[in-house]
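Please look over the sequence and the model shown here. The questions and answers that follow treat the surface, the helices, a pocket and some single residues in turn.

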Amino acid sequence: MRVALVTSTYPPHVGGVERHVQRLAQSLAGLRCEVEVLTQAPRGARPSVDQESDGLVVRRWPASGRSETAPVSVGLFQYLRAARGRYDVVHAHNYHSAAPAMSYLSGRRPLVVSTYLHARPASFVARVVHVPYGIVGRRMLRAAASVIALSRSEADMAAQRVPGVRPVVVPSGIDGARLRAAHAKEKTAPVALFVGRLTAYKGAALVIEAVPLLGEAQLVVVGSGPEAATLRRLAERPG
């Protein structure tokens with residue numbers, strides 16, 4: 001089976017979606033699928049084709065605009081239009097990026113969409129862009145052969161936004177071998193852990209503000225991002 005995974009960004013770019021798509025691509029290649037990742041590179045870069053392990057191919061096209069919120073690559077879109085019949089299935093990732101919309105508008109079928117849906121876009125600019133985008137987004141999800149959500153709450157959110165769409169819930173996997181090999185650290189009280197990018201919409205500030213409600217528990221925040229200094233100041237407040 002020939003599978004295309006379409007994603008706006010991919011490692012070495014750091015992020016949860018990027019890591020998820022990378023592990024999915026590697027696992028599918030390990031199952032003897034012919035896998036190609038179709039993604040974007042930074043603006044000004046040259047188109048490239050990289051061969052990774054197990055025959056996995058990564059094709060990159062430079063972003064055409066200056067937007068960091070929703071980068072769009074004309075080269076990627078043109079390739080999707082020209083590659084009709086090349087793949088048995090196209091799996092596009094992240095409703096809040098241009099990847100699923102480009103896959104849908106290119107006419108590629110069958111199309112599978114993993115949404116990673118947010119309750120609301122992460123910034124004011126993204127909220128404005130999502131108004132017209134929502135028209136295409138609703139048609140895209142209705143046309144998809146399957147819509148995948150990571151949790152039941154995300155699936156319910158998608159179903160409420162787009163009547164008639166019934167997402168399938170497929171939670172993110174974990175590396176069980178690494179967990180079993182880990183050694184527990186001694187602790188004197190329960191520990192709550194937050195791991196994620198330190199941006200406002202991830203909600204780390206709300207978790208820190210809830211520390212007084214945790215009683216004897218400690219909170220550990222792991223991550224980096226533009227809100228790091230603000231979160232440190234918040235954590236250092238008395239009480």
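Q: How much accessible surface does the protein chain have, and what share of that surface belongs to carbon and sulfur atoms?
A: Accessible areas come from the Shrake-Rupley method with a 1.4 Å probe, and for residues only the protein chains shown count as cover. The accessible surface of the protein chain is about 14300 Å², and the share belonging to carbon and sulfur atoms is 56%. This is a predicted model, in which local features need pLDDT of at least 70 and side-chain atom pairs count only at pLDDT 80 or more, while totals for chains, interfaces and linings use all residues. Residues are numbered from 1 along each chain as its sequence is written, and side-chain values use heavy atoms, with hydrogens and water left out.

Q: What percentage of the residues of the protein chain count as buried?
A: A residue is buried under 20% relative accessible area, exposed over 50% and partly exposed in between, with a 1.4 Å probe and protein chains only. The protein chain has eight helices and 10 strands, where helices (H or I, at least four residues) and strands (E, at least two) are DSSP runs numbered from the N terminus. Of its 239 residues, the buried share is 38%.

Q: Why do the buried residues of H2 line one face of the helix?
A: In helix H2, which covers residues 74-82, the buried residues are Leu 76, Tyr 79 and Leu 80. They line one face because, seen down the axis of H2, they fall within an arc of 100°, the arc being that of the directions from the helix axis to the C-beta atoms.

Q: Which elements do the buried residues of H2 pack against?
A: The face of H2 turned away from its buried side carries the exposed residues Gln 78 and Ala 82. Counting heavy atoms within 4.5 Å as a contact, the buried residues of H2 pack against strand E1 (2-6), strand E2 (34-41), strand E4 (57-62) and helix H3 (99-105).

Q: Which strands do the buried residues of H5 pack against?
A: Helix H5 (residues 152-161) has Glu 154, Ala 155 and Ala 158 as its buried residues. They cover an arc of only 100° around the axis, which puts them on the same side of H5, whereas the face turned away from that side carries the exposed residues Ser 153 and Gln 160. The buried residues of H5 pack against strand E7 (146-149) and strand E8 (168-169).

Q: Which helix gives the largest share of the lining of the second largest pocket?
A: On a 1 Å grid over the protein atoms alone, a pocket is an open set of points where a 1.4 Å probe fits, with protein on both sides within 12 Å along at least five of seven lines, and lining residues have an atom within 4 Å of a point. The second largest pocket is lined by 20 residues, of which His 20, Arg 23, Ser 172, Gly 173 and Ile 174 lie nearest its centre. The elements giving two or more residues to this lining are helix H1 (16-30) and helix H6 (176-181). The largest share, seven residues, comes from H1.

Q: Is Asn 94 buried or exposed?
A: Asn 94 lies in the loop between strand E5 (89-93) and H3, and its phi is near 80°, a positive value in a residue other than glycine. With a relative accessible area of 18%, Asn 94 is buried.
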